[in-house]
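Please take a moment with the sequence and the structure before I go on.

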Amino acid sequence: MLHTRTTPAERRSALRKRLTEDRLLMMPGALNPLSARLIQDTGFEAAYLSGAVLAADLGLPDIGLTTATEVAARAQQTTRATDLPVLVDADTGFGEPVNAARTVQLMEDAGLAGLHLEDQVNPKRCGHLDGKSVVPREDMIRRIRAAVDARRDPGFLLMARTDARTVEGLDAAIDRARAYVDAGADAIFPEALTDEAEFAAFRAAIDVPLLANMTEFGKGRLLDTRTLNDLGYDIALYPVTLLRLAMGAVEDGLRTLSAEGTQESLLPRMQTRSRLYRLLGYEEYTAFDSAVFDFTLPHGT
């Protein structure tokens, strides 16, 4: 109630410990703080904040228009609402290596369990679009080293994402990943791999935790958890799934409301008032103020 029951250090430790286990960690992307609580409530063990989702929520394309402080503010709102460890998309670090250093500390202060930095040029674009550009390897190494030097809590996970697969090829992407690990990255996010053979090649070459991005409508096909676990991956990421589901339902609902002049037919598809109130913990707030929950819900809600 009002805040999480765990500290950032505890959540970071939980993520680190979980990544030592020989089973895949499914990580859905939250579209807002309430959905992060729902991710926890349905039994997942970690959540994610996507830069693309935050940009879309602001009505912006994912081309580097959001700022570090905007991302940190949403992150802080989210970590207040869930006891799960939360990983955040920190884009390119929002500028030069010194900006990446500040970004790490902003995200630590926001209560996150970790972040990933990518090797695209700034401003970046969605990792599954054509026309990407990556910075020289040494530039990304400086970005990572700055992040490592700025980190105050050694439990905070620093993940490096490489977008080089579609720009320079698979071998170059693997070579970059090795260099990023040598520079201090705790884990690797190889973006836009196309098939199981490429996922396997990365796993054979890299000995730190690996993230598989299972975003819809992307460069590769969607692999199930059994396949990813067999390939030796540590995290399966579903960054935009909830946003796409929610916005699809919103569009359908608006069309129905416009056509029928009432939302009556939509009621079976809605989250009920009582379910929402349970999720929000209305009754728990009576410990502070009995006037908060002094009502009876209408029948059937």
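This is a predicted model: local features need pLDDT of at least 70, side-chain atom pairs count only at pLDDT 80 or more; totals for chains, interfaces and linings use all residues.

Residues are numbered from 1 along each chain as its sequence is written, and side-chain values use heavy atoms, with hydrogens and water left out.

The protein chain holds twelve helices and eight strands, which are DSSP runs numbered from the N terminus (helices H or I of at least four residues, strands E of at least two). Its C-alpha trace spans about 60 × 45 × 35 Å along the principal axes. Of the 301 residues, 49% are buried, where buried means under 20% relative accessible area, exposed over 50%, and partly exposed in between, with a 1.4 Å probe and protein chains only.

Turning to helix H8, residues 170-182, the residues buried there are Ala172, Ala173, Ile174, Arg176, Ala177, Ala179 and Tyr180. Their cover includes helix H6 (137-150), strand E5 (157-162), helix H7 (165-168), strand E6 (187-190) and helix H9 (196-205). Just after H8, Gly184 takes a positive phi of about 125°.

Finally, which residue lies in the loop between helix H3 (51-57) and helix H4 (68-81)? Ile63 is found there, and because its relative accessibility is 38%, Ile63 counts as partly exposed.

Technical notes:
Contact means heavy atoms within 4.5 Å.
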